[in-house]
Amino acid sequence: MPHDLPKAYDPTAIEDRWAEYWVRENLFAQSAPGSADSSENAPASAASSCLDGQSFTILLPPPNVTGRLHMGHMLNQTEMDILTRWRRMSGRRALWVPGTDHAGIATQMMVERQLLAEGKTRQDLGREKFVERVWEWKRHYGGAILDQMKRLGASVDWQREYFTMDEHLSVAVREAFVRLHEQGLIYRGAYIVNWCPRCQTAISDLEVVHEEQKGHLWEIRYSVLDSSGKDSGDTITVATTRPETMLGDVAVAIHPADPRYRHLHGKKLRLPLVGREIPVILDEWVSLDFGTGAVKVTPAHDPNDFALGERHHLPSINVMDDQGKINAQGGKYAGLDRYAARKAVLHDLKELDLLGDIKDHTNSVGHCDRCKTVVEPRLSTQWFVAVNKSPKDGLPSLAELARKVVVPDAEGKKAITFTPEMYEKTYLGWMENIHDWCISRQLWWGHRIPAWHCSECHKITVARVDPTACAHCGSARIAQETDVLDTWFSSGLLPVSVFGWPKLPSMGAPGPAHLGTGEGNRSDFDAFYPTSVLVTGFDILFFWVARMIMMGCWFAGDVPMADGSKRTLADAVPFREVYIHALVRDANREKMSKTKGNVLDPIEIVQQYGTDAVRFTLAAMASPGTDIAFNVARTEGYRAFANKIWNAARFLFMNVDRAAEIGIAVDPAALGKMPEAEQTAPLETRWIVAELHAAAVKVNQSLENYRYDDAANTIYQFFWGSFCDWYLEIVKLSLDFSETADKEKTKAALTTLVAVFEASLRLLSPFMPFLTEEIWHALYDEQPPAKSIALTQYPQAIENPADVTAIAGMELLQSLIVEVRTLRKEIAVEEKALTPMELRIDAAVRSIVEQNSAIVERMARVSEVRFVAAIAEGLSEHHTASFDVAVIYERTVDVPAERERLTKDIAKYEKGLAAAQRQLGNAGFLVKAPAQVVEGLKRQEAETRLLLEKAQAALAALVK
Ligand SMILES: [Zn+2]
Ligand SMILES: [Zn+2]
């Protein structure tokens, strides 16, 4: 006897319990085949499945350890969980690996803020103590987002949870750095970087947010020198938005073809305030139209100028320190903050009458994505990966490899495919223009660069094991580099490092000796690399996706295949597919933002409607490339859907109990697989089984193509429409538990009912894991055949051609029932009244109605179906292609009461119509109102008009 379900569906009462159970029972742990703890939880079906237990591997894009779950995560995790649960139930060796990122800047800032509250800075603590403090912070507060994931039921393998600063992942980071250095692909160089004076670190182009800002374009006159080096009296005017940088000017550039300045070719200038002699240089990069056509050149403080400086072999003079203050190179301005220096410089130029026009100017100003400080382009010494350099003649560069795997090979196959496909172009476009990757950050929190500077010979020692002496001169006076690695350097390695790289013994031999103890284990790498799909957001396509592709191809390429053969590039990729998910916007399609105050907190919505309803909302709207306008009204609707299923389960259990009382039990062997129906079975049995098969085919196909929306909507329509609205009602006719019941017939009906319901729960399970788990356990009366519905088999599209006759037959009955229901409404048959009907139907399908007249009678409240050659004169009838139908109803009408009712209705409709017309006639309103409001109003007007006309006609008929 199934376990009793509480009367009302209450997600809060079931979700916590199952979330905790899944984690406690370690249900989603997945190990490699043949490894010691080879999975006991693998679906029983895996071995026999047609998919042969292939791996399905997916990495969670590691959220920042400081992170909290937002709607984007919720979407991304829902999509990943649906895929993983679906693949797991379909017989794959499914593994979803969770973890968090140490998030250099974000975490350091968090702890610095904490220190600030205590009146301290990180410098007060010193590096070592500070880093200890960050670890302490991490232990206490870090990874809260993973607890949120646990509560939301993500089916990840928690035993594999990693943190990017974990020991084994740090080994990988160090190995990657040293190897790239040995291959000549890591170098240290002066480079113009985006410098955040607040965070005091270089930040990547991608971490700079550009905002349009109103500022000025100042014109400054520089004196032209004569051949003896004296002021000639002539001047040239340059224009700049950052006048303080003139302190670092080393030249003025003009276009060689600019007729205005031809006389200045080869001349020298005097830099005002500083007094330095600087040349006029010719470069075609200079735009003739911008400003005055003469450009000051400050290589240390502008990326374009830096490039100009390189081309013309100019020196770079850095005039700012790392806090954005003018340094000693700035002469009398030294010590001033950049903005104070700007004022002082302008003041002094004005005094000297060297300031020309000041124009209003809007330009795009870069801000630090983390702290919003204006970024200063600044020359500094950084570490780089030479992504375009070949390590050896004839070998491809990192970027070349990363391009190659995305373009079709000789057979037209791509090693990595993108969904939506358009991102492939975006990716390739970026990869073709990629610059060397600046991997150093001036932070204390992160993987410290394994390089030591020698104060004797000034050379650098890069080593896998901390050295005690300089590798070049043997001096012990060495000090480790203070910079840490860009966070993306470590997260870029995750697909290889989480599966054991670099501690991978090659076939038969132990792992590389320099990697220390532990022989490593290849089975994880062999079983799970490359991963199957990466589900991520567009915003980290370059930050992360591109870096994983470069690093994965580079390092995995050296790992032989399980059978010892050489790994091809197609098998070196970190993932075979990239799925870029859309944005979650608010109900009005606006981007969610704190300033707009329209940010939805997924946890709050989950508390209100339940996780399953929120997941289903996201899934029902998720398709490649389409943003989601999240509307809680829909979540409310899916909560009602969950409720519908809950009630269906209660109805079903009640019937199972009643059957048990007369000795009828469902054979357990009928459950846990795809139900089938014999040709001799009743029409509704054949039909619901065929519908289930069709839904399973559609859902599996849709998920293959990332059409979560189609999959979810198919299940919704099947469950609510076919199963609840039609089948449950029809099957009641066969659930006869009386003394005189045909027990075989009742048992067969009950078996189909339970089997189809059980399979439907499995179909729904990846979308609504909590609800289905609860009902499924109840269905088996707490003695289920597996620990979780998530470990049973997904309804597959097995070879079972749809029973087309059953579907066509049922469709005929449905259309007949719908027509009768409409007729009854039209002629106002009382809700409870049973009426005879007349039916003229084509001979070919007449037998369907004859054999199933009980269904028509029950579903359409018909007392008798009278087959006629033609509908009787005077009856109002409906026609379809295959039948004509009429309902026979003699109404006893209380004429005065009916007249009063209709008169009232008419008045009400007239009022409503007038109001709608008034509003639609208001031009001001039409301009301002959103399109959907206007549309709604028009619809309402049309509906009201129709109701009015009907009421008027009815009144007229009454009077007649
Ligand atoms: Zn900053
Ligand atoms: Zn040395």
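What follows is a run of questions and answers about this predicted model.

Modeller: Ground rules before we start: this is a predicted model, where local features need pLDDT of at least 70, side-chain atom pairs count only at pLDDT 80 or more, and totals for chains, interfaces and linings use all residues. Residues are numbered from 1 along each chain as its sequence is written, chains are lettered from A and ligands numbered from 1 in the order in which they are written, and side-chain values use heavy atoms, with hydrogens and water left out.

Colleague: Fine. How many helices and strands does the protein chain have?

Modeller: Helices (H or I, at least four residues) and strands (E, at least two) are DSSP runs, numbered from the N terminus. On that count, the protein chain has 29 helices and 29 strands.

Colleague: And what percentage of its 960 residues count as buried?

Modeller: Buried means under 20% relative accessible area, exposed over 50% and partly exposed in between, using a 1.4 Å probe and protein chains only. The C-alpha trace spans about 120 × 80 × 60 Å along its principal axes. Of the 960 residues, the buried share is 53%.

Colleague: On to the metals. What is the arrangement of the 4 donor atoms around the zinc ion (ligand 1)?

Modeller: Donors are N, O and S atoms within 2.8 Å of the metal (3.2 Å for Na, K and Ca), and water is not among the atoms, so sites may look incomplete. Here they are the SG atoms of Cys 196, Cys 199, Cys 368 and Cys 371, at 2.2 to 2.4 Å. Four donors count as tetrahedral if all angles lie between 85 and 135 degrees. The angles around ligand 1 run from 103 to 115°, so the arrangement is tetrahedral.

Colleague: How far apart in sequence are the parts that Cys 196 and Cys 371 tie together?

Modeller: The donors of ligand 1 are spaced C-x2-C-x168-C-x2-C. Cys 196 sits in strand β5 (residues 186-196), while Cys 371 is in the loop between β13 (355-368) and β14 (376-385), so the parts this pair ties together are apart in sequence by 175 residues.

Colleague: What is the donor spacing in sequence for the zinc ion (ligand 2)?

Modeller: The protein donors there are the SG atoms of Cys 454, Cys 457, Cys 470 and Cys 473, lying 2.2 to 2.4 Å from the ion. Their angles of 103 to 114° make this arrangement tetrahedral. In sequence the spacing reads C-x2-C-x12-C-x2-C.

Colleague: How do helix α1 and helix α23 sit relative to each other?

Modeller: Axes are lines fitted to C-alpha atoms, for helices over the stretch in contact, and angles run from 0 to 180 degrees between N-to-C directions. Helix α1 (residues 11-24) and helix α23 (residues 769-779) pack at about 85°, with axes 9 Å apart. Angles of 65 to 115 degrees count as roughly perpendicular. So α1 and α23 are roughly perpendicular.

Colleague: Is Arg 242 buried or exposed?

Modeller: Arg 242 is in the loop between β8 (231-240) and β9 (251-254). Contact means heavy atoms within 4.5 Å, and beyond four places in sequence Arg 242 has contacts including His 301, Asp 302 and Glu 376. Its relative accessible area is 19%, so Arg 242 is buried.

Colleague: Last one: what separates the C-alpha atoms of Ile 220 and Phe 653?

Modeller: Ile 220 lies in strand β7 (residues 208-225), and its relative accessible area of 0% makes it buried. Among the residues it touches beyond four places in sequence are Ile 236, Val 238 and Leu 349. Phe 653 is 433 residues away along the chain, and the C-alpha separation is 87 Å.

Technical notes. Tetrahedral: all angles 85-135°; square planar, octahedral: opposite > 155°, others 65-115°. Parallel < 35°, antiparallel > 145°, perpendicular 65-115°, else oblique.
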